[in-house]
Amino acid sequence: MRRALLILAAAALCISAAFSLFVYHLAELSFELERGTVYSMVGSLINEYPEAVSAIGNAVGDNDTHSEIGKDALSKYGYDDDHSAEDFIRYRKIITVGCICSAAAGILLFSGVAAYLYYLNRRRIGLNSAIVDILDKCVSGNYDFLDNGELDTLADDAVAEQLQKIGRSMKIKTEALDNEHDNTKSLVTDISHQLKTPISALKSCFSVYSVSDSAEERNEFIDRCDTQINKLETLAGSLINVSRLETGMMDLHTDNAGITEILINAVNSVYYAALKKDIMINTEEFSDITVLADKKWTSEAIANILDNAVKYSPANSEIKIRVEKLFSFVRIEIQDEGIGIPREERNKVFGRFYRGSSEIIKKEEGSGIGLYLARRIIEHTGGTVSLRPAPHKGTIFTVQLLICK
């Protein structure tokens with residue numbers, strides 16, 4: 001606004017200066033015409049009457065004495081107030097037209113600039129009002145303006161683009177906070193459910209133990225208590241790992257690691273459980289490959305997948321491990337002969353605390369955290385985990401790890 005006012009003042013000053021120069025020029029022309037006329041009359045007079053030079057010189061300093069005589073004499077030849085010379089009339093018209101044009105130009109310029117300033121002010125007020133309205137919607141959590149074309153009505157594209165960025169950023173953060181709130185509620189519910197069963201079992205065991213008279217019964221209940229305590233210990237360890245992973249406190253270091261050592265550590269973790277069910281873990285022959293992974297945690301992630309396969313596979317079955325080197329990653333396939341995973345549950349098994357709906361699953365011990373941790377750990381190091389049904393029976397889990405270049 002201040003800049004516009006300065007431009008208006010400068011324009012008015014320029015017009016005034018131009019008009020002054022124009023009038024000055026016309027006045028100068030008029031004076032030259034008048035002086036030329038006087039010179040012509042004096043020259044003609046002296047040419048006819050040379051002795052009149054002294055009289056003319058005396059008349060120059062005395063305007064009032066001879067002016068009336070001269071006026072009467074010139075009026076006989078049309079040089080009077082009512083019938084001016086044509087040149088004076090022409091220049092007077094020019095001056096009049098110049099004055100009118102200059103005044104009209106000044107008025108038009110002033111009106112145009114004033115209208116433009118009014119338009120800018122109204123536009124600024126409208127833009128500010130629209131910005132405030134959109135920001136109020138952002139604060140209230142209403143982000144409909146991002147999709148209903150409301151931003152397209154803003155005159156300033158740069159402002160509309162920035163408001164769109166702000167709105168989308170706040171929407172994403174709001175949705176993330178809402179999801180985190182829902183996840184927290186779900187986590188508290190899941191933990192409560194996971195703790196409820198072993199704690200209830202412990203209470204029942206201690207109640208029966210306190211009134212039992214048989215040493216054999218007391219030993220049995222002690223064994224049951226020990227089992228439930230082991231469940232609580234396993235659950236507590238899993239919850240600690242989940243908490244450390246989700247809060248970024250788990251110390252994962254991506255480094256060069258041999259795939260052979262990773263698989264040996266993973267198989268050793270579940271070997272005893274597989275031996276008790278007479279399950280064979282067979283690994284097809286492969287050459288060792290160096291991958292980018294955290295050796296300790298990647299071994300634990302694969303061990304979680306193997307543990308899941310051992311739990312839900314029948315006795316005297318087989319678990320096959322295949323390793324295949326591709327262009328930029330290594331594919332590890334773990335195939336079991338277990339109960340399989342229904343199609344509607346395949347996208348859920350990697351969820352936190354999800355255990356499935358099968359009765360066989362409910363009879364087995366577990367917290368539903370193993371596969372969740374496996375996926376999070378492997379994805380943290382740049383790998384992927386997926387599953388598909390085996391050709392005849394069971395499930396094939398596929399782990400892909402980046403090859404160290």
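Mentor: Let us begin with a word that we shall need throughout: a residue is buried when its relative accessible area is under 20%, exposed when it is over 50%, and partly exposed in between, tested with a 1.4 Å probe on protein chains only. The model is predicted, so local features are reported only at a pLDDT of at least 70 and side-chain atom pairs only at 80 or more, while totals for chains, interfaces and linings use all residues. Residues are numbered from 1 along each chain as its sequence is written, and side-chain values use heavy atoms, without hydrogens or water.

By that cut-off, 27% of the 405 residues are buried. The protein has 10 helices and 7 strands, which are DSSP runs numbered from the N terminus (helices H or I, at least four residues; strands E, at least two). The largest nonpolar core has 41 residues, and Ile302, Ile305, Leu306, Ile319, Ile321, Ile332 and Ile334 have the most contacts inside it. Such a core is a set of buried Ala, Val, Leu, Ile, Met, Phe, Trp, Tyr and Cys residues joined through side-chain atoms within 4.5 Å. At least two of its residues come from each of helix 7, strand 3, helix 8, strand 4, strand 5, helix 10, strand 6 and strand 7, and helix 8 gives the most, with 8 residues. Another core, of 9 residues, lies apart from this one, and Leu127, Ile134, Cys138 and Leu151 are among its members.

If we leave aside its neighbours within four places in sequence, Ile332 is in contact (heavy atoms within 4.5 Å) with Ile259, Leu263, Ile302, Ile321, Arg322, Phe397, Thr398, Val399 and Leu401.

Five of them form an open sheet in the order 2-4-5-7-6, with mixed pairing, where pairing requires at least two DSSP bridges between two strands. Strand 2 and strand 6 are the edges, each pairing on one side only, and neighbouring strands are turned by 15° against each other on average, direction ignored. Strand 6 and strand 7 run antiparallel and are joined by 6 bridges, and Ser386 has Thr398 of strand 7 as its bridge partner.

As for the helices, helix 7 and helix 8 pack at about 35° with their axes 8 Å apart, each axis being a line fitted to C-alpha atoms over the stretch in contact, and angles running from 0 to 180 degrees between N-to-C directions. Among the residues that make this contact are Leu263, Ala266 and Val270 of helix 7, and Ile302, Leu306 and Val310 of helix 8. In helix 10 (residues 370–380), the buried residues are Leu371, Tyr372, Leu373, Ala374, Ile377 and Ile378.

Asp278 counts as partly exposed because its relative accessible area is 47%. Asn316, in the loop between helix 8 and strand 4, also has a positive phi, of about 60°, and Asn316 counts as exposed because its relative accessibility is 61%.
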